[in-house]
Amino acid sequence: ERRVVDLTYHPRSGAARRYVLRPYTLVLGESELAVTGPVGEPPEDGGARAEDPIRTFALHRIESIELRQTRFTMPNLGSWDPEARFSAAWGLYAGNPERVRVAVHPAFSELLARRTWHPSQIVGIPEEDGWIPLEFDVFTGGEFRTWLLGWGPWIRVQSPPALADWLNSMRSNPSGSGDPG
């Protein structure tokens, strides 16, 4: 029915917050659902504006939803293309993609041969030391960073340098230190 909603959302940290949302798209992540769309009061005509800030809300963090009588208009696909918006996402959280190059320990060669984590994934030829290069065009925040950390010492980031620095700093932190955000 394209109705505007008021929702109360509980972020990963801090108190719950209220948002006005025009729910454009339901997004399926690897293990959770979310809704995405512009936040803030819609214009009187209910139309879409290019400058509308888009947010993604994981369904399990929504505490309450109230439907308004106000309706909104979906933008045309030239303005709102969810496939394009989430093409660089590793999960639910989207942003500008970066070319990422990592190398994975040779013990995981069988896994790398049969597993695709992202549509942009390219598996390279093993390097001189046996480590296997992987390349992605992805948003390097959110779930991608969790994926990197999950490899422990068996992955190394070759580029971009800022991501390599972040991973190295996380590895040097004692348990429980650093900012999970």
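Buried here means under 20% relative accessible area, exposed means over 50%, and partly exposed is in between, with a 1.4 Å probe and protein chains only. Asp-52 is buried on that scale because its relative accessible area is 9%. This is a predicted model, where local features need pLDDT of at least 70, side-chain atom pairs count only at pLDDT 80 or more, and totals for chains, interfaces and linings use all residues. Residues are numbered from 1 along each chain as its sequence is written, and side-chain values use heavy atoms, with hydrogens and water left out.

Asp-52 sits in the loop between strand 4 (33-38) and strand 5 (54-58); strands are DSSP runs of E, at least two residues, and helices runs of H or I, at least four, numbered from the N terminus. Leaving aside residues up to four places away in sequence, Asp-52 touches Arg-22 and Pro-38, contact being heavy atoms within 4.5 Å.

Now the rings. There are ten aromatic pairs: rings of Phe, Tyr and Trp (its six-membered ring) with centres within 6.5 Å, stacked if the planes are under 30 degrees apart, edge-to-face if over 60, tilted for the rest. One of them, Phe-136 with Trp-147, is edge-to-face, at 5.7 Å centre to centre and 85° between the planes. Phe-136 belongs to strand 9 (residues 132-138) and Trp-147 to helix 3 (residues 143-150), eleven residues apart. Both Phe-136 and Trp-147 are buried. Ring pairs also join Phe-136 and Trp-147 with Phe-108, Trp-117, Phe-144 and Trp-151 in a cluster.
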